Amino acid sequence: MSDIYFSEIELPQPEGFSAGGKSNSEISELSKQGYQLLKENRIDASKEAFSKILKIEENNNYALVGLGDCARKQSKFAEAIDNYSKCLLFHPGNNYALFGLADCYKALGRYEKAIEIWEQYLVHDDRNITVLTRVADAYRKTHDFKKSKELYRRVLDMESDNAYALIGLGHLHYDFKEYKDALFYWTQMLEQHADEADIRVLTSIGNCHRKLRTFDKGVDYFKRALEIDPKNFYALFGLADCYRGMNQQFRSIEYWNRILEIDPKNKVILTRAGDAYRNTGDYKTATEYYNKAMDIDFDIYAALGLALICKGEGKYDEAVERLRKLINGDPKNFRLYIDLADCFVRMGQKEKGVDVLRSFLKQGVKSQAISEMLAKLEKEK
């Protein structure tokens, strides 16, 4: 699913020369040579061939598009844009220059500009699947759900198993939190292209199951992804998180640690692993992981984990002190208030717990969990 360069598309005959003319023949030969060198990734040699054409015919469309393609392949987008724009100045409507120019703007994140240019291309060729999927992708990036879906559907009407459209529709629905629809398109993609199972599709399907909380199904797809790449971060993370969601912390530990073997300074994963060890009752190891995370930089979840270990060990005074400090830094985090109130309840100071919960609600922030706990404590008075 790599990008398509114009070397893969037949270019029109150069303008201004009669068929069979010496200059025409030389330009055609240099153009073929330039694109062959571009295919072989011999960029400097390819540029040289296209530059020779400009010495024969100034502003030649072959050469300007070719130089644009060379620059684009090197991610020199400003240089590529100059060449494509110059071509369009002398050869208005040149599809190859329009295609390349739009791709440059897409690569620069200027999706509105890319759409504008691709729309010009589609005036001349409204059934070009490659362009239609690119425009649909750009509309997706600008969060235009309706237009993006319409174009992807047009592609599928022409080619029902088009991988780009199926993947794009999956991403489109995922971006809008329509996980069941995303799952439908990505699963269809996997079924229709079983021989070329893409690890990104497998992890995307797994992530849908994570969002839908069908963790057991997600496990299968993340495991398939790991068969392709045993060190893939997204597959390892997804698998660990699925086991966490299934409350199988002892299994999630294996995959958090596999990530840490590759990236030992990952603060988020150190904290997740600490949570897993804490939930299995291994407070000593959990403390080690939380402290490693805190050594890298302050992390509220690691700090909370250390406070919860104190609470789990019955060190309520220390837990209260830690939780109060965290609340000072994050006064609207409802979970901190719940844990602090719970500490006071365990210490036999229920009234203080009630005051903690009320202090949260006085901020004007709503939390169902806080309200439910407060109602329960007031009822028990």
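This is a predicted model: local features need pLDDT of at least 70, side-chain atom pairs count only at pLDDT 80 or more; totals for chains, interfaces and linings use all residues.
Visitor: How many helices does the protein chain have?
Guide: Helices here are DSSP runs of H or I with at least four residues, strands are E runs of at least two, and both are numbered from the N terminus. The protein chain has 0 strands, and its helices number 21.

Visitor: What radius of gyration does the chain have against the globule rule?
Guide: The C-alpha trace spans about 100 × 40 × 40 Å along its principal axes. The rule is 2.2 Å times the number of residues to the power 0.38, and the radius is taken over C-alpha atoms. For 381 residues the rule gives 21 Å, and the chain is well over that, so it is more spread out than a compact globule, with a radius of gyration of 29 Å.

Visitor: Which class does the Y243 and Y255 ring pair fall in?
Guide: Rings of Phe, Tyr and Trp (its six-membered ring) pair if their centres lie within 6.5 Å; planes under 30 degrees apart are stacked, over 60 edge-to-face, and the rest tilted. The structure holds 12 such aromatic pairs. For Y243 and Y255 the centres are 6.0 Å apart and the planes at 20°, so the pair is stacked.

Visitor: Which helices hold Y243 and Y255?
Guide: Both residues are buried. They sit 12 residues apart in sequence, so the pair ties together α13 (residues 233-245) and α14 (residues 249-262).

Visitor: Which residue lies over the face of Y289?
Guide: Y289 forms a tilted pair with Y277, at 5.1 Å centre to centre and 40° between the planes. Y277 is in α15 and Y289 in α16 (residues 283-296). A charge sits over a ring if NZ of Lys or CZ of Arg is within 6 Å of the ring centre and within 35 degrees of the ring normal. At 5.4 Å from the ring centre of Y289, the residue is K292.

Visitor: Which element gives the most to the lining of the second largest pocket?
Guide: On a 1 Å grid over the protein atoms alone, a pocket is an open set of points where a 1.4 Å probe fits, with protein on both sides within 12 Å along at least five of seven lines; lining residues have an atom within 4 Å of a point. About 300 Å³ of space lies in this pocket, and among its 15 lining residues the closest to the centre are R244, R272, D275, Y301 and R335. Two or more residues come from each of α15 (267-279) and α17 (300-312). With 7 residues, the top contributor is α15.

Notes:
Residues are numbered from 1 along each chain as its sequence is written. Side-chain values use heavy atoms; hydrogens and water are left out. Grid points are joined across faces, edges and corners, and a volume is the space filled by probe spheres set on the points. Buried means under 20% relative accessible area, exposed over 50%, partly exposed in between (1.4 Å probe, protein chains only).
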